[in-house]
Amino acid sequence: MIQFLKDIRNKILNPVRQRRREQEKKDKVIAAQVKTETIKKLIEGDFYFSHKGHCVCCEQEVTFEAHDSWLRDSYFCMNCRCKPRERALMKTIETYYPNWKNLAIHESSPIKRGASVKLKKYSKNYLATQYYPTKEFGSIVDGFRNEDLENQTFADETFDIVITSDVMEHIYNPEKAFKEIGRTLKKGGAHIFTVPIINRHMKTEVWATLGENGQPNFLKAPEFHGNPVDPNGSPVTMHWGFDIVDFIKKASGLDTDVVDLYDKEHGIMGVYNEVFVTYKTK
Ligand SMILES: [Zn+2]
């Protein structure tokens with residue numbers, strides 16, 4: 001009889017207990033993972049998503065991650081740290097000018113990330129300029145040619161492509177700048193740029209004018225954005241609306257396409273990612 005009970009324990013109860021212990025172990029591992037994920041989300045913010053895709057800036061298969069619902073500034077390529085508007089800009093350049101590597105490109109105020117890095121690395125004829133208002137224009141300062149977009153020292157029809165990445169909201173006389181950019185473009189060329197269209201359903205507003213001593217004279221609440229060559233940042237001078245297209249036409253005579261991409265595979269989602277292509281016909 002005792003042997004019979006032992007058999008039941010060995011053949012039936014023990015395997016059941018063993019399976020239960022294994023299940024409990026698995027549950028503990030899952031619980032620990034859930035806890036880690038929850039803590040991670042609490043630390044990084046409520047919003048979190050991540051997906052695989054292809055980054056057009058670093059040309060790698062990457063993970064895109066966002067930790068904030070404001071995707072414009074938080075939705076990064078985890079390889080090169082570029083932002084969605086920079087990927088939208090690069091994708092638009094490649095769509096309009098698949099041969100961009102062989103073209104004459106002027107980029108005003110490049111950054112150390114995104115499209116700027118790729119353009120510099122692969123273009124055979126790429127020129128980067130920065131704005132140093134107290135230095136001589138046309139000269140080289142800190143490795144960059146010093147240029148004022150409103151009064152450029154370049155000859156007419158010098159470039160195939162002019163790039164500005166969130167620069168045109170910092171110009172005091174954008175009419176002059178758009179006209180100058182148009183002048184320096186070759187026929188068949190284009191100014192390809194991003195600019196935040198803050199006034200989604202309103203006309204463009206002038207936010208600041210040039211005050212005395214070169215300081216901004218804000219008409220509304222003062223606003224500054226980061227500037228890689230000026231620790232004080234750049235004053236926001238314009239709150240653009242979509243009438244920017246008419247503004248450019250009036251300033252330079254050129255037409256502008258508005259490219260609005262929604263492309264998860266390439267990590268382009270969120271607002272204010274429009275790319276503008278102002279083109280000079282042949
Ligand atoms: Zn990347």
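Tutor: Glu 86, Leu 89, Met 90 and Ile 93 in H3 meet Gly 114, Ala 115 and Lys 118 in H4. Here, two residues are in contact if their C-beta atoms, placed from the backbone, lie within 7 Å. By class, this contact of H3 with H4 has four nonpolar, one polar and two charged residues. Ala, Val, Leu, Ile, Met, Phe, Trp, Tyr, Cys and Pro count as nonpolar, Asp, Glu, Lys and Arg as charged, and the others, Gly among them, as polar.

This is a predicted model, where local features need pLDDT of at least 70, side-chain atom pairs count only at pLDDT 80 or more, and totals for chains, interfaces and linings use all residues. Residues are numbered from 1 along each chain as its sequence is written.

Now for the geometry. Two packed helices are described by the angle between their axes and the distance between the axes. Helix H3 covers residues 84-96 and helix H4 residues 114-122; helices (H or I, at least four residues) and strands (E, at least two) are DSSP runs, numbered from the N terminus. The axes of H3 and H4 are 7 Å apart, at an angle of about 40°. Axes are lines fitted to C-alpha atoms, for helices over the stretch in contact, and angles run from 0 to 180 degrees between N-to-C directions. H3 and H4 are therefore oblique to each other, since angles under 35 degrees count as roughly parallel, over 145 as roughly antiparallel, 65 to 115 as roughly perpendicular and the rest as oblique.

To place the pair, the protein chain has six helices and 17 strands. Of its contacts with a separation of 6 or more, 59% are between residues 24 or more positions apart.
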